[in-house]
Amino acid sequence: MSAPDRRNHAAPKALVLPAEPLAEPGTELPLVFKAPKRNKPAPHWIDLTPDERRAAVTELGLPAFRAGQMGKHYFGRFETDPSTWTDLPADLRATVTEKWFPNLLTQVSQQRCDGDTTVKNLWRLHDGSLVESVLMRYGVRPARAGEAELGSEADSGEAGRTGTHQRVRSTLCISSQAGCGMACPFCATGQGGLQRNMSTGEIISQVLEAEKLLASGALPGGPGRVNNIVFMGMGEPMANYKAVMAAVRTLVAPPPDGIGMSARGITVSTVGLVPRIQQLTTEGLPVTLALSLHAPDDELRDELVPINTRYKVDEVLDAAWEYAKQTKRRVSIEYIMIKDINDQAERARLLAKRLKARGDWGWVHVNLIPLNPTPGSKWTASRKADEREFVRVLESYQIPVTVRDTRGQEIDGACGQLAASERDLVAAQP
């Protein structure tokens, strides 16, 4: 694994740039890295480390084993209401509820589509801020009349191995900030600005709510668990680094200290905050890094992804390459396909060259994402012919590439569409 060779990969003169600025003059939003330090939620059990939980319990005059007992209920069984923990004395249940388990999320609305296999929740935080999460189930085939539903997790064992059923899996897309400060002009959330960072407790609460919904068996596919978590909802995860890393550690810690997921089932995305990518490389957490690149040349990326004015394409690709080298985890390059903006074959060629220059040892995978419509947007997704040509060019350079399945468009739950707004509140009213 040699160091990246970046020679002779400057943007060729043939690249087409937009004739007009991508953001309307006078409407450009500033980059915001530091969220306002106001309206923090009440401290929660989730926000404490395992050692801090045990210390908090003993400080209350309780035996240390109570911390494990509560953790098994909360993280192991997803029983988030302490009043139901009958192995705790009734007076103690009331005490711990008040002290460590304040309500962090209030459901405003729930919308479903794709045969109820895509579920978007709109949550109100304690200060009125709105965030969204999207749960997606894969591998569910609707049953024909007279037969049992196929693809449930309960029957995905022997049947799944023999090919009779497809394995059901669930992916949860979660938010890490209320709003976003990265100001990408094609992203609904980015155009809404940043309200504040979410706490670790608020982030994890989205996961627990999804786990409860899946465990109830209310969705097609039967009872199940969250298999994959992607930090691709509202916000820039790397701009809320401390809370996001604490959330990841809670996700991977086994009960009673956490939920017990595999780190390999967790994806953390970023538009390219290079210092934080470098910090993530040292964490010892083999999560998947997803880099939202969207253009291989600085001229266009400066407009599409404003953080590029600080950290250029080569810088972010070098940081991503180093992450892959140190963690042995393949990096995902996210690339929104926008008609006549970034979908030219020449840009596919430049992207391939820049990725290949850093090695061909399987360190990277390109994920093409057809642009999802957002209110008032003047852009649309690439033509299918241009999309196919983009794929063909990447494959000709032996770059692994897939086109993402666009789920949740009807409920504004697809990539780039998450923007909790007043219209969601109106739609939620009876």
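This is a predicted model: local features need pLDDT of at least 70, side-chain atom pairs count only at pLDDT 80 or more; totals for chains, interfaces and linings use all residues.

1. A search of the whole structure finds 19 salt bridges. One of them joins Asp 314 and Arg 358, whose side chains meet at 2.7 Å, N to O. Asp 314 belongs to helix H9 (residues 313-327), whereas Arg 358 sits in the loop between helix H10 (345-356) and strand E11 (364-370), so the pair ties together parts that are 44 residues apart in sequence. Both Asp 314 and Arg 358 are buried.

2. Two further salt bridges lie within helices. In helix H5 (residues 200-215), Glu 209 and Lys 212 are 3 residues apart, which separates them by about one helical turn, and their closest N and O atoms are 3.2 Å apart. Glu 209 is partly exposed at 28% relative accessibility, and Lys 212 is likewise partly exposed at 29%.

3. In helix H11 (residues 384-396), Lys 384 and Glu 387 are also 3 residues apart, or about one helical turn; here the closest N and O atoms are 3.6 Å apart. Glu 387 is buried, with a relative accessible area of 8%.

4. Strand E9 (residues 288-292) has 5 of its 5 residues buried. Thr 288, Ala 290 and Ser 292 point one way from the strand, while Leu 289 and Leu 291 point the other way. Strand E8 (residues 266-270) pairs with E9 in the parallel sense over 4 bridges, and Thr 267 has Thr 288 as its bridge partner in E9.

5. Lys 34, Lys 37, Lys 40 and Lys 242 form a positive surface patch. Lys 34, in the segment before helix H1 (50-59), is exposed, with a relative accessible area of 76%.

Terms used
Residues are numbered from 1 along each chain as its sequence is written. Side-chain values use heavy atoms; hydrogens and water are left out. Patches are made of residues with over 30% relative accessible area and no salt bridge: like charges are joined within 9 Å, nonpolar side chains (Val, Leu, Ile, Met, Phe, Trp, Tyr) within 5 Å. Accessible areas come from the Shrake-Rupley method with a 1.4 Å probe; for residues, only the protein chains shown count as cover. A salt bridge is a side-chain nitrogen of Lys or Arg within 4 Å of a carboxyl oxygen of Asp or Glu. Lys and Arg count as positive and Asp and Glu as negative; His and the chain ends are not counted. The place of a charge is taken as NZ of Lys, CZ of Arg, CG of Asp or CD of Glu. Helices (H or I, at least four residues) and strands (E, at least two) are DSSP runs, numbered from the N terminus. Buried means under 20% relative accessible area, exposed over 50%, partly exposed in between (1.4 Å probe, protein chains only). Two strands pair if DSSP finds at least two bridges between them.
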